[in-house]
Amino acid sequence: MPRVIVERNFETPFTQEELSSVEARMGPCLDLYNVRWIRSYWSTDRLRMVCEYDAADVASVRNVQREANARFDRAWAADVLGEQ
């Protein structure tokens, strides 16, 4: 499956509690759209996050984000460089 990158920016530092809440809402949506979360990177100031998913297409990942009420700025398909 293609990789999809989701970029998020926050006005105030995103808390662990907020992250846990989004993760709980996102779980069922990931299954519904056959999307697999791979990893996320969270800036040390907690104002930015980049998440990586496996999905059939970008639209599936956007649907997951919207249905889980997970705010995001951009979602885009990516090619992996340097992986095995």
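I take two strands as paired if DSSP finds at least two bridges between them. Helices (H or I, at least four residues) and strands (E, at least two) are DSSP runs, numbered from the N terminus.

**Basis.** I am working from a predicted model, in which local features need pLDDT of at least 70, side-chain atom pairs count only at pLDDT 80 or more, and totals for chains, interfaces and linings use all residues. Residues are numbered from 1 along each chain as its sequence is written, and side-chain values use heavy atoms, with hydrogens and water left out.

**Entry 1: the hairpin.** I looked up the hairpin of β2 and β3 and found 5 residues between the strands. Arg46 takes a positive phi there, near 65°. The two strands pair in the antiparallel sense over 6 bridges. Trp37 has Tyr53, in β3, as its bridge partner.

**Entry 2: the sheet.** I traced 4 strands in an open sheet, ordered β2-β3-β1-β4, with antiparallel pairing. β2 and β4 (74-78) each have a single partner strand and stand at the edges, so one side of each is left without a neighbour in the sheet. From one strand to the next, the twist averages 20°. I then followed β1 to β4, which run antiparallel and are joined by 5 bridges. Arg3 has Ala78, in β4, as its bridge partner. Helix α2 packs on the sheet and touches β1, β3 and β4; contact means heavy atoms within 4.5 Å. The direction of α2 makes about 40° with that of β1 (axes are lines fitted to C-alpha atoms, for helices over the stretch in contact, and angles run from 0 to 180 degrees between N-to-C directions).

**Entry 3: helix α1.** I noted that α1 (residues 16-32) has 17 residues and reaches 25 Å from its first C-alpha to its last, close to the 24 Å expected (1.5 Å times one less than the number of residues). The helix bends by about 35° at Met26, and Pro28 follows within four residues; the bend is the angle between axes fitted to the seven residues ending there and the seven starting there. After α1 comes Asn34, with a positive phi near 55°.

**Entry 4: burial in α1.** I use buried for under 20% relative accessible area, exposed for over 50% and partly exposed for in between (1.4 Å probe, protein chains only). Leu19, Val22, Met26, Cys29 and Leu30 of α1 are buried. Their cover includes β1 (3-9), β2 (36-42), β3 (48-54) and α2 (58-67).

**Entry 5: Ser20.** I located Ser20 in helix α1. Ser20 counts as partly exposed because its relative accessibility is 35%. The C-alpha atoms of Ser20 and Arg71 are separated by 14 Å, with the residues 51 apart along the chain.
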